[in-house]
Amino acid sequence: MVKPNETVVQDMSPHEGNVRDDTISPHEHWVIVGHGMAAQRLLEELHDPLTHRKRQDVSITIISGEPVGGYNRIGLSDVLAGKRTLAELTPQQIHSQHLPNCQWLQGWVMAIDRTAQTVRLSDGGLLPYDRLILSTGSSALLPELPGINGQGIQAFRTAADTEGLMALPANASVIVVGGGLLGIEAAVGLAGRGVNVALVHRGAWLMNRQLDALSGDWLAEALTSRGIRVYLNSTVAEIARDEREDMQGVILQTGEQLDAAHAVFAMGVKPNVDLAQRAGVAVADGIEVDDQMITSDPAIYALGECVSHRGVQFGLVGPLYEQAAVLARVLVANRDHIACDARYEGTVVATHLKVSGVPVYSAGDIDPAQESLVWQDLPKRHYKRLFLKEGRLVGVVLYGDISDGGFYHDLIQQQVDIRAWREHLIFGAAHCTGNVERNNKPQAISQKPYSAAA
Ligand SMILES: Cc1cc2nc3c(=O)[nH]c(=O)nc-3n(C[C@H](O)[C@H](O)[C@H](O)COP(=O)(O)OP(=O)(O)OC[C@H]3O[C@@H](n4cnc5c(N)ncnc54)[C@H](O)[C@@H]3O)c2cc1C
């Protein structure tokens, strides 16, 4: 979504002599729209191919809608929880020293002219491109509800949002709407600041896309013990406001009102596709890309949360890091008119909670209809559930001890045939030795470590 505000475009590059209009040159000029985590990773991936060979035939302009670009958005949860500062999330602009002819602009790209190969900036300026890279990310989804437009409502997506939440007085009452990863991290962060928090979630258990009912219930208990009131199976129907339009609380579908002067909506995101769509670039739920991150226009590439790849959109950084690695190779090869075999073929995503103090890990497909292996230590609140399909691990939920998360993730990603050592699998990496390679038969450690049934 392109914001309509007319931000003045500034040259943020520390290079002297990097003037915006001098980009018409024999070199190729690449324009990157949006400087979020995907664009930042792309710059890092481009660093070696463009600098080690001391190339001077590419110049890059990055346009950042947010005042500070390239910061570690994931770390916002830690900032809200008081574990880090915003300044610690901002990357050093190493690229400005090392990438050739790289300049940063602050402002918004308002339109793309694909015929002329230019982008129009929010100050009216035109910038030509040879290759355009869209990394416009996503925006927080705000539901259409009576009273939603007004004071007291905010999202948890940007550094500015986080500053807004941190500015709330410690005795404030806040409703967090959405019991996924983001909502839980917002709720825990605010509760840790002394804020009175209620968490409203429409699912039957928290993180219902990543956890099963038991682990989701345990998580709710853990949050309750931190003073967070958790409302499951609950939907917000309306924002209650007084005659002066001040927020009074939220009204649930049951009619119950939860009093609060603030609400944080963490109900998901929508990809920022308007810019591409208006330019006639093919868009499904996200900007459509092929396995080389090329859109329907061969001069335009896209990566990150704004894309739809094989019909899938991703909301976590793992996939977009892989996309960035592929795209860097593709861009350089296309520049040189040489063949490139780099392909992005999708990612098995893994989620873990960072700030709740509750170790939770989930990856892959956790359809409860599938065969599963379960192990639990009730007093310690340790739980593992592995989801199997046709002799392969397809999903995992870990609660309490998540140290084997990476091991299980690799098995899922590499589609390892686990039939020969199935009975040892639930006990984790320490009980399964040998090289875990695709279709290999790793040797299981001989003694059975526990008598607990898997
Ligand atoms: C609080 C929080 C915690 C998270 N925790 C995790 C986690 O634990 N693990 C995980 O994997 N993921 C996590 N995520 C998700 C992760 O941060 C995102 O997947 C990632 O940041 C997406 O990167 P992106 O570059 O695609 O998009 P973004 O980071 O959204 O960046 C896009 C940028 O483009 C700018 N832009 C858009 N349109 C224009 C335009 N027309 N002109 C100029 N600029 C434009 C936007 O302003 C934005 O700055 C978390 C997200 C949040 C908000």
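Biologist: What share of the protein is buried?
Modeller: Buried residues make up 41% of the 454 residues. Buried here has a cut-off: 20 or more other C-beta atoms within 10 Å of the residue's own, with 12 or fewer counted as exposed, anything in between as partly exposed, and C-beta atoms placed from the backbone. This is a predicted model, where local features need pLDDT of at least 70 and side-chain atom pairs count only at pLDDT 80 or more, while totals for chains, interfaces and linings use all residues. Residues are numbered from 1 along each chain as its sequence is written.

Biologist: How many helices and strands?
Modeller: Ten helices and 26 strands. They are DSSP runs, numbered from the N terminus: helices are H or I with at least four residues, strands are E with at least two.

Biologist: And contacts, what percentage join residues at least 24 apart?
Modeller: 63%, among contacts between residues at least 6 apart in sequence. A contact means two C-beta atoms, placed from the backbone, within 7 Å.

Biologist: Let's look at α5. Why call it largely enclosed?
Modeller: Eleven of its twelve residues are buried, so the rest of the structure largely encloses it. The buried ones include Leu181, Ile184, Glu185, Val188 and Leu190.

Biologist: What is its reach from first C-alpha to last?
Modeller: α5 covers residues 181-192 and reaches 16 Å, close to the 16 Å expected at 1.5 Å a residue. The expected span is 1.5 Å times one less than the number of residues.

Biologist: What follows α5?
Modeller: Glycine 194, with a positive phi near 90°. Helix α6 is followed by glycine 227, also with a positive phi near 90°.

Biologist: OK, α6 then. Which of its residues are buried?
Modeller: Ser215, Gly216, Trp218, Leu219, Ala220, Ala222 and Leu223. Those buried residues pack against α5, β12 (196-200), β13 (229-231), β23 (360-364), β25 (382-389) and β26 (392-399).

Biologist: How many residues are in the largest nonpolar core?
Modeller: 68 residues. A nonpolar core is a set of buried Ala, Val, Leu, Ile, Met, Phe, Trp, Tyr and Cys residues joined through C-beta atoms within 7 Å. Val176, Ala187, Val197, Leu199, Leu219, Leu223 and Val264 have the most contacts inside it.

Biologist: Which element gives the largest share?
Modeller: α5, with eight residues of this core.

Biologist: What does valine 197 touch?
Modeller: Val174, Val176, Ala187, Leu190, Ala191 and Ile228, leaving out residues up to four places away in sequence. Another core, of 51 residues, lies apart from the largest one, and Val31, Met37, Ile60 and Leu331 are among its members.

Biologist: New topic. In what order do the strands of the three-stranded open sheet run?
Modeller: β14-β15-β16, with antiparallel pairing. The edge strands are β14 (236-241) and β16 (257-259), each pairing on one side only. Strands count as paired if DSSP finds at least two bridges between them.

Biologist: How many bridges join β15 and β16?
Modeller: Three, with β15 spanning residues 247-252. In β16, leucine 258 is the bridge partner of valine 250.

Biologist: Last one, glycine 137. Where is it?
Modeller: In the loop between β8 (131-134) and β9 (138-140).

Biologist: Buried or exposed?
Modeller: Glycine 137 has 25 C-beta neighbours inside 10 Å, so it counts as buried.

Biologist: What is it in contact with?
Modeller: Gly34, Gly36, Asn272, Gly304, Glu305 and Cys306, leaving aside neighbours within four places in sequence. The C-alpha atoms of glycine 137 and leucine 303 are separated by 8.3 Å, though the two residues are 166 residues apart along the chain.
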